[in-house]
Amino acid sequence: MKKDKRDMVMFHKYPHLLYYGMMNKTNSQEPLSWYGIECGFGWYDILNRTFLKIHKLCRQENIHGRVRVVQIKEKFGGLVIYYEFNGVVNHICKEMIAKYIRDAEVEAYITCETCGKPGKLIKKGWWKTICWKCRLKKFIKSINIFK
Ligand SMILES: [Zn+2]
C-alpha cells in the first residue's frame, strides 16, 4: 500500500493523535505505522476535519496523547477508523470522539473516495464509494486493458 507525503502532512498536523502510528515505527505493530493511511485521497479532507475536531477536544480537555488512531482504511467501500484510548479519558470525551469518528464514516459513504466530490456506494463486484466521473474513468481504463 502507498505511504504518501500527504500522510506525512497529516501526521505533522496531528502529532499527538497519529504519533504512535506514524513515528513509533520500530516498536509499533500498528497498521498505520506500516501502511500509512489506507484509503483514497478523496477522503483526506474528511479525515482532516475529523482529526481537527478531536485535536481541539483533546486540547480543551487536556488529554493530548491519550487518544491514538491505529488504522485508517477502506473496507467494503466505506471508511473505517480504528482508535484506542491510552490513559484516562472521561466518558463524555469518549462519546464525543466516537461521534466524530461515526460522522466521518457516514460522510465517506456519500463522498467519492478518489476525488472527494459527492459520490455513492456502488456494489458491482468491487464495492466503492465513487462519483460518476471517476466511475466513468475507471470503466474506460478497464476497456483499454483489452485493446
Ligand atoms: Zn470522483
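This is a predicted model: local features need pLDDT of at least 70, side-chain atom pairs count only at pLDDT 80 or more; totals for chains, interfaces and linings use all residues.
Two strands are said to pair if DSSP finds at least two bridges between them.

Select residues 120–124, which make up strand 3, together with residues 126–130, which make up strand 4. The two strands run antiparallel to each other and are joined by 5 bridges. Within this pairing, display lysine 124; the residue opposite it in strand 4 is tryptophan 126. Next, display isoleucine 122, whose bridge partner in strand 4 is lysine 128.

What lies between the two strands of this hairpin? The hairpin of strand 3 and strand 4 has 1 residue between its strands, and glycine 125 in the turn has a positive phi of about 75°.

**Second stop: helix 4**

Move to residues 44–61, the 18 residues of helix 4. From the first C-alpha to the last, helix 4 reaches 25 Å, close to the 26 Å expected at 1.5 Å a residue.

Now show the side chains of Ile46, Leu47, Thr50, Phe51, Ile54 and Cys58, which are buried in helix 4. Orient the view down the axis of helix 4: the buried residues fall within an arc of 120°, so they line one face of the helix. Then select Asp45, Lys56, Arg59 and Gln60, which are exposed on the other side of helix 4.

Asparagine 62 is placed in the loop that lies between helix 4 and strand 1, the latter covering residues 67–75. Is asparagine 62 buried or exposed? Asparagine 62 is exposed, because 7 other C-beta atoms lie within 10 Å, and a residue counts as exposed at 12 or fewer.

Proceed to phenylalanine 76, in the loop between strand 1 and strand 2, where strand 2 spans residues 78–85. Phenylalanine 76 is not a glycine, yet its phi is positive, at about 50°. Why is phenylalanine 76 classed as exposed? Phenylalanine 76 is exposed because 11 other C-beta atoms lie within 10 Å, under the cut-off of 12 or fewer for an exposed residue.

Terms used: Residues are numbered from 1 along each chain as its sequence is written. Helices (H or I, at least four residues) and strands (E, at least two) are DSSP runs, numbered from the N terminus. The expected span of a helix is 1.5 Å times one less than its number of residues. A residue is buried if 20 or more other C-beta atoms lie within 10 Å of its own, exposed if 12 or fewer, and partly exposed in between; C-beta atoms are placed from the backbone. The arc is that of the directions from the helix axis to the C-beta atoms.
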